[in-house]
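Dear colleague,

I am passing on the structure we spoke about, and I would be grateful if you could look it over alongside the notes that follow.

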Amino acid sequence: MSDVAPPPCSFLAPPPAGVFSPRGPSLSLTCRPAAMLDEAVGLGAVTVLGVLEQAYFSLQVIYARRKYSVSPPCISGPPEFERIFRAQANCSEYFPIFITILWTSGVFFSQGLSSLCGLLYLYGRLCYFWGYAESAQGRLAPLYFSARVLWVLIGFSAVGVFLSFCRVYMELDLLQALGHALF
């Protein structure tokens, strides 16, 4: 018996090459090499940090509700509470966009650059939250910073998806063609 752990597994897998199924793709248990998961560890780490950041923001709203005596479902109260509440709400509104673009950029463009941009975005959102909690004006610089980072991720995603589309559906590897043209 071997002491080697089996590789991570996936429940959804395409049918093997050359196998036709009239019912379409089937559910099966297949194992993937651990290297595939290792490549996404940066994206996974940034995702977990992002979820923890969202939890932190939510806890800050709970603490502010207690401090300023604003019971749910009320969302209005002293300006200090309203700024914390709005900061948390604004960060939550952008979180699904961020996670989608982070993973799209990481899968189709560069996992390393996407993870780095993801960390910068999360830092910008944390500064945004703290700045907004202090004053409405304090949110602006971090807001602009995190918006720029988000646009960089959107750009990476668009380029990566476009290059992959060309390679898969048009059988045209633009990066390879560019490499041959330059060298």
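How far apart do the end C-alpha atoms of residues 94–123 lie, and what percentage of the span is helix? They lie 14 Å apart, and the span is 93% helix and 0% strand, where helices (H or I, at least four residues) and strands (E, at least two) are DSSP runs numbered from the N terminus.

Please keep in mind that this is a predicted model, in which local features need pLDDT of at least 70 and side-chain atom pairs count only at pLDDT 80 or more, while totals for chains, interfaces and linings use all residues. Residues are numbered from 1 along each chain as its sequence is written, and side-chain values use heavy atoms, with hydrogens and water left out.

As to the overall arrangement, the protein chain contains six helices and two strands, in the order β-β-α-α-α-α-α-α from the N terminus. Of its 183 residues, 30% count as buried (buried is under 20% relative accessible area, exposed over 50%, and partly exposed in between, with a 1.4 Å probe and protein chains only). Among contacts (heavy atoms within 4.5 Å) with a separation of 6 or more, 61% join residues 24 or more positions apart.

Helix α2 (residues 41–68) and helix α4 (residues 111–134) have axes that come within 9 Å and cross at roughly 10°, which makes α2 roughly parallel to α4. Here axes are lines fitted to C-alpha atoms, for helices over the stretch in contact, with angles from 0 to 180 degrees between N-to-C directions; those under 35 degrees count as roughly parallel, over 145 as roughly antiparallel, 65 to 115 as roughly perpendicular and the rest as oblique. The residues that meet include Leu43, Val46, Glu53 and Phe57 in α2, and Leu119, Leu122, Arg125 and Trp130 in α4. By class, this contact has 10 nonpolar, seven polar and two charged residues (Ala, Val, Leu, Ile, Met, Phe, Trp, Tyr, Cys and Pro count as nonpolar, Asp, Glu, Lys and Arg as charged, and the others, Gly among them, as polar).

With helix α3 (residues 79–108), the axis of α2 comes within 10 Å at a crossing angle of roughly 170°, so that α2 is roughly antiparallel to α3. The residues of that contact divide into 17 nonpolar, nine polar and two charged.

Pro72 and Pro73 are joined by a cis peptide bond with omega of about 5°, and Pro73 is found in the loop between α2 and α3.
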